[in-house]
Amino acid sequence: MRNFFASLRALPFVFFLLSPIARTETVTITADRDNTIFQNSSGLSNGIGNQLIIGKLGTRIAIADNLKVRRALIFFDIASDANIPAGATINSAIITVRVRRSAPGSGNVPVGLHRVLANWGEGNSQNNIDLIDDGLGAPAQTGDATWTQTFFDTQSWSTPGGDFNPTPSATESIGGTGFRTWNSSNHQDLVSDVRDWFGSPATNFGWLIKLQNETSTQTARQLDSRESTTLSNRPMLTIDFTPESAMPSAVCQATTVNVGATGSATITGTDVDGGSAGTNISLSVSPGSFTCGDIGDNTVTLTVSDDTGNTSSCSTIVSVIDTVAPTISNCPQDGFSVVNDGVGNTAAIAAWLASFAAMDTCGALALSNNYDSSTSVVFDCGNTGSGTVTFTASDNSSNTSACMATLHVIDGSKPDCNSNGFPDDCEIIRGLVSDNNSNNIPDDCEDTITVITLQPRWNLIGVSVTMDSTSRAALNSMTDQTIWSWDARQQVFVPTSTISPGAGYWYFYPSTAQQTVTVTGTSALTQPVPLEKGWNLFAAFSIRQNLPDPKVDGLVWQWGDDAYSIADELRRGNGYWFYSRIPDNDIFSD
């Protein structure tokens, strides 16, 4: 039976801190074969007996063979059973046997291990005995070693009694009972044998165990053989070895890190490892930290270390980049207006432009805008007008962020009937409003138009005119969903395709940008608005600052930017909610 146990030999912690660790391992194997040979007998052996006999028996029984010498053979298959990796260094070896009995009164006698020089066998001969003077052996079987033969009965020893090195590899005094050892710490030839056999398994024929004085009688020792039913009693070879430490191999790969988010970045050896190899390796990289000042290609060194102190290094490139755009901290006021001062409003516009601000984790920024007072960006209506200015922030890595704001230059001395900051004649010239009767007054200042501002998605709208067919068709074509009106009597929404003056409607505008729509028709300013008790959805005919208190319960609500808010005034084109406390069928006139 073959068996082995491996374990790591622990090293002191202080040694671990001060110097590289050479990993040592220990393996224990049991004998692969063993036998006893009997002097002057070509036909006796004990191949699978449960004991090995060495020395001479006593004279209590008048048998001539009792006075003959017994020797034991033992073989450990180091190549197959020990599983020691190639290239390892054998440090030490210990042979352990268990002495079952010793001849009475024989004390301790030197017993040596002699290196066997020829191969030998273990057959099926068996003589299991318990009495020290009964070790007579058994008839040899095919393949058994005997005193004269290596393999019964086909091959012979060159010298009867075995071919072995007459100088023992190890000698220890053995007597009594219990476990006994031969340790290479005291016998260097013992570990030399193991080293030789580890390197050249074909030369391993094991050891011959014999008394160093084989003339005295009643010196026999009975040892447990490998057939012992107790595993721990079987002969064992313990080998301490150090595996070969292969040099680690460093393999690099390039990588990229981004410092834009925080202004710094770190890497580990794993980030630049391209498949480094070795035993129990650790990785380190230098440098491993980068900032905005390192943007570009940086050479780093990867070092691979194993647990025995061997190292290998390689170099690669770490590309440090910044892909994070600057953050705009202040976009100039949208809709900023200045009254034309006749000299370009230089100070006011310069201050407005200079209010643009941005920040970036990697520092320096270039701030710019496309404002030019000599172009159509601004001032495209004589000395007044408006334009959208684009403000841009760029960092050193060409990342950009931009925002837009509108600048208005107005003439405060000219009429502005709709109070939107632009002179009426300028709006008519620019086509922002209609002047159908060419009286230089925007039609939204008259009674026949309603200007509706449509925000993306849902809007509450209303008209102050009875729309003509063109306007009605145009308004209906600009939505892709149902227009909803409010049945105040039933207090429910109902779908509709007709938008009438004085009523409010839910209207969906499927776009991402605001759109101004002008609808035309006949004036409906004198048309009364019927009220029902409860919630009413209505449209304004003209600008009003408040509503008659007896008819309104609470506040007037408007819709904008996808949310309700309290209305502080009513404007044409919008729809409004309010709750009426008056009896049904009352009249509300704008």
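Analyst: Thr388 stands opposite Thr406 in S28. The model is a predicted one, in which local features need pLDDT of at least 70, side-chain atom pairs count only at pLDDT 80 or more, and totals for chains, interfaces and linings use all residues. Residues are numbered from 1 along each chain as its sequence is written, and side-chain values use heavy atoms, without hydrogens or water.

Strand S27 covers residues 385–395 and strand S28 covers residues 400–410; they run antiparallel and are joined over 10 bridges. Two strands pair if DSSP finds at least two bridges between them, and a strand is a DSSP run (E) of at least two residues, numbered from the N terminus. S27 and S28 belong to an open sheet of 4 strands, in the order S24-S28-S27-S26, with mixed pairing. Its edges are strand S24 (336–339) and strand S26 (365–369), each of which pairs on one side only.

The bond is formed by Cys331 and Cys403, with sulfur atoms 2.1 Å apart. Cys403 lies in strand S28, whereas Cys331 lies in the loop between strand S23 (327–330) and S24; the two cysteines are 72 residues apart, so this pair links distant parts of the chain. Because the torsion about the S-S bond of Cys331 and Cys403 is about 100 degrees, this disulfide is right-handed. Cys403 is buried, with a relative accessible area of 13%, while Cys331 is partly exposed at 27%. Here, buried means under 20% relative accessible area, exposed over 50%, and partly exposed in between, with a 1.4 Å probe and protein chains only.

Cys362 is buried, with a relative accessible area of 17%.

A search of the whole structure finds 3 disulfides. One of them joins Cys252 to Cys314, with an S to S distance of 2.0 Å; with 95 degrees about the S-S bond, this link is right-handed.

How values were computed:
Disulfide = S-S within 2.5 Å.
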